[in-house]
Amino acid sequence: MCRWPCRWWQSVVLVVMAVYLVQAAMIQKRRKTALVEGDILIGALFSVHHQPKQKSAFTLTCGEIREQYGIQRVEAAFMAIDKINEDPRLLPNITLGVEIRDSCWYSSIALEQSIEFIRDSLAFPIGSSTNSTPKSDACKTSVSTSKRLVGVVGPGSSDVTIQVQNLLQLFGIPQVGYSATSRDLSDKSRFSYFMRVVPSDYYQAQVMVDIVRHYNWTYVSAVHTDGNYGQSGMTAFRELAEGNNICIAKEDSVLSNAEDEAFDMVIEQLREDQRANVVVCFCEGMTVRNLLLAAQRNNVTSRFLFIGSDGWADRSDVVAGLEEAAVGGLSIKINSSYVSEFDDHYFQLHPEKNDRNPWFREFWQMRFNCSLPGQEENSKLPGCSGMESLRKGYKQDTKMAFVMKAIYTMAWGLHNMQKDLCPSTQGLCDAMLPVNGSLYRDYLMNVTFTYNNESVTFDSRGDPPGRYDIMNYQRLENGSFDYIPVGTWDNGTLVVHEELVIFNSSDGLPPISVCSEPCSYNEYKSFVETGDDTQRCCWICTPCDRDEYLKNETVCQRCQPGYWPNLNKTGCDAIPVKHIMWSDAESIVALSLASLGFLATCFTMLVFLKYNHTPVVKASTRELSYIIFVGMMVSYSATLPLLARPSGLSCVVSRIMPGLSFAMIYAALVTKTNRIARILAGNKKIMMRKPRFMSATAQVIITCVLISIEVTILITMLILDPADVKHIYPRPQEVKLVCNTSPRGIIAPMGWDFFLIAMCTVYAIKTRNLPENFNEAKFIGFSMYTTCVIWMAWVPIYFGSDHKIICMSMCTSLSALVTLVLLFFPKLYIILFRPEKNDRSAFKTATTVRCHIGSSSKASLSRPSEPSPSAAMESMYVGSAMLGIGQPHLSLLQRIRSTLGMPFIPPLGLLPRDPYPRSLLRREISVWSDASGSVGTGGVTSNTRDMMLRKAYGSQLDLAGGDGVWCREERGCQTTDDLLDPLIPRLRRRVARAVRENEIDVSEGREFFSITHNWMNSQVCQGKTRDKKME
């Protein structure tokens, strides 16, 4: 009598199952299944593949394979089973097995696979001891059979889980969810065999409301996935939002696998209300992804800020290729630990060794875009090399710990049940078999264990406590994108680290999503008639200015400089102080330029030190060159205090180093160019005496004096304007920390540097037409011209922009670099690459030293081509003057004789002195008196003049050439009359000194002065006559 009542419902279900299985077999071949044998089996449903598209869903054809939600969860289940079986304290003498099936995140496919689980649970009798009941006792048939499959873990989706639970609870099969969070599943009157290790969506709705309240977003839009997960979550959010004065402007729902047009319509509806900029999305991951795609297609990625539920969490597949659109979004992630031991297990997997995972070869080919042997569908792809590694691009599934917890929950439930039913034995006993689903469910509800230092417990509804992490999707400093935890929610307590949150707004501040801005106490609210429940959120009021806060109900007060009103307008917060950072792009450029210049200067200086005694180095005035090198190093080093965080010390150093470095460089250059100008100016006439201040010591002293002027100016300015730091406010919301350098503190030191640069430029212009073997002035000229351009550009940029630090840093480095390249690199080139030119002969003057500067031809006097001793002596003198070495002590007559090519007569210090200096001077006066007196009378011919010159200079003087001109080939040379003129001042000084020392009589001195006076007057008259003839 009881057979039919006990079995009728099972018969109906079995018939439906049979029909469904036949239909599924007609659509496609049997799906793959992963099986690990054991004494007791646990079923597992994982979304190994994506769900089918809506238009092709009737074919029950799954999409592409998934790594995190699919393969990783399958391998996690395998690893958990292995660890449970290896643990002697858990299920001793019992081998736990698992049967894994693919749900494809789709209800129809999940139901198909669940029916397979139910069929496996209706196993055959294990032995005669457990199946001794006669078959005629039909009412006890179900009791006498053994269920090998005792429970199911999963699936992931709440919608699919509800439908699977409706089927499994008919057969008393417990189900443990690892990802389904719908709050409907907490209703034990409907889902009595379900429990889960993840908290209910009710807690997520509370987290979302708390986040919206935290940022004062009182007017938001809402979107949810069309299904139980989205509907139940959005219902909870709506109820909680109404109780917290939060209005929902627009609300819509959409299927995860809907077409693009459906998501475009959702975005278009959200755009209708311009005031609701925050979108609360209680959606599955693929729904969020499609919404981001639609926002990108409609060019509104910066308009909306999405707040996603745990369906988004920190999944990389949701934002893959949509990083820019997702930046700034907030998502909720169920708090879970990282399973580090899974990484080691996962990285060791290989398709040749992983036989128990039937989907692994397919995943391997998709992951590395290659084909494995025996896979015909991917034969067109290149073969796998065997060197592929799962480490590349790896990211662990965020719900990995929940998968492990779900399997361990099943194991601990069986363990506690075995201890109670089989107290005296290890392993399965008759009292435990077949496993009673209802009894097993009760043990599962009371399970308590620890996994990864986290306690796993369940309340009366089968739910664990709620703990969540708040994630913010951000662009990192290196340009990549990632989820950053910015807060937590633990059983009703929300903690948000504001300094970590980055929004997608232009200023980085939270977006405004309110119908009306809050009004101050003295403002009234005029509510807007909207016809729905949003009326309580919309009003009109008069807000304070942007830089004002609410002092009281009637007054809005402006914040002090350096402060800005907070979001609630209740006071002013200090604005973060900015200063130039080492990591800024302009800082890196300035440091790179300074480092390059410093290294190049050090290298050049080392080369000069090594070749210190070579002609090239000597010709460049070694001592001054080393001062220039040190100045350039100081100039490059000035970049460091300029870019450092402003402080008392850095401000002092940054005011000293630039001006001091320029003074060192240009003071040395002024001294050098002045020396060259004086030497070459003296060469335009016969040298009466050695030029003054030509020695190296004198040059260094002059340079130090010029530098000391700059040091004095710097010290004076530091006393008048002490260096310190200060805050400036270039914009209302910006505060910068800078040094308190006044314009006077810059202009005064730089003014002296400008003067030195100007003098260098003037001397460079004056010496621009030097002979080719004295071309250092030409390089100095190029350097000065370029430096002038740099400094003319520096003045308006420095005083007219906010980039003063970078401008000063670049100018100091460029000025030094220009000097290094244009002045020293040519010498460096000769030293290192053209050593044959590093010879003293290249720095000697020509024998035609009397020719005027500016002649490009290489004309010479009428002298033999071979250098004579006299020419060599003159070259030694002029060349030594240019090189900065000691000049030979030649008398005026000896230098003239050397210039004229006469045999060299040693200085008086090298020959015996005349024992009668009085008679020697009288003879010299007599000779010049005869010569100049003859000429002065106007009755002496050119032959007589030549004879007189030979008396003075010697019998070897060649004056042939006509018209008394000294040389034929050079128009700029002197006549014989010119030879007398420059020697008169010297003789007059000697005569005056001799009269004072009583070497000659006063009458003889007066006579000589009278003769020379007549000579100079006659020369003036002859010059005027020549000028008239030329006109």
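Helices (H or I, at least four residues) and strands (E, at least two) are DSSP runs, numbered from the N terminus. The views show a predicted model, where local features need pLDDT of at least 70, side-chain atom pairs count only at pLDDT 80 or more, and totals for chains, interfaces and linings use all residues. Residues are numbered from 1 along each chain as its sequence is written, and side-chain values use heavy atoms, with hydrogens and water left out.

**View A. Helix H2 packs against helix H12.** H2 covers residues 67-86, and H12 covers residues 340-347. Their axes (lines fitted to C-alpha atoms over the stretch in contact) lie 10 Å apart. The angle, taken between N-to-C directions on a scale from 0 to 180 degrees, is about 100 degrees. H2 is therefore roughly perpendicular to H12 (65 to 115 degrees). On the H2 side, the contact (heavy atoms within 4.5 Å) uses Glu67, Ile71, Gln72, Glu75, Ala76, Met79 and Lys83. H12 brings Glu341, Phe342, His345 and Tyr346.

**View B. The largest cavity has a volume of about 150 Å³.** A cavity is a set of points on a 1 Å grid, over the protein atoms alone, where a 1.4 Å probe fits but cannot get out. Points are joined across faces, edges and corners, and a volume is the space filled by probe spheres set on them. The count comes to 12 cavities of 30 Å³ or more. The largest cavity is lined by 13 residues (those with an atom within 4 Å of a point). Val197, Lys405, Pro464, Pro465 and Arg467 lie nearest its centre. Helix H14 (400-421) and strand E13 (454-456) each supply at least two lining residues. E13 gives the largest share, 3 residues.

**View C. Phenylalanine 629 and phenylalanine 824 form a tilted pair.** The structure holds 30 aromatic pairs (rings of Phe, Tyr and Trp, its six-membered ring, with centres within 6.5 Å). In this pair the ring centres are 4.5 Å apart. The planes meet at 40 degrees, so the pair is tilted (under 30 is stacked, over 60 is edge-to-face, the rest are tilted). Phenylalanine 629 sits in helix H18 (residues 622-637), and phenylalanine 824 sits in helix H24 (residues 804-833). The pair links distant parts of the chain, 195 residues apart.

View D. Proline 155 is in the loop between strand E4 (149-153) and helix H5 (158-168). Proline 434 lies in the loop between H14 and helix H15 (437-445).

**View E. Asparagine 299 has a positive phi.** The value is about 60 degrees, although asparagine 299 is not a glycine. Asparagine 299 lies in the loop between helix H9 (285-297) and strand E10 (305-308).

Definitions and conventions
Angles under 35 degrees count as roughly parallel, over 145 as roughly antiparallel, 65 to 115 as roughly perpendicular and the rest as oblique. On a 1 Å grid over the protein atoms alone, a cavity is a set of points where a 1.4 Å probe fits but cannot get out, and a pocket is an open set with protein on both sides within 12 Å along at least five of seven lines; lining residues have an atom within 4 Å of a point.
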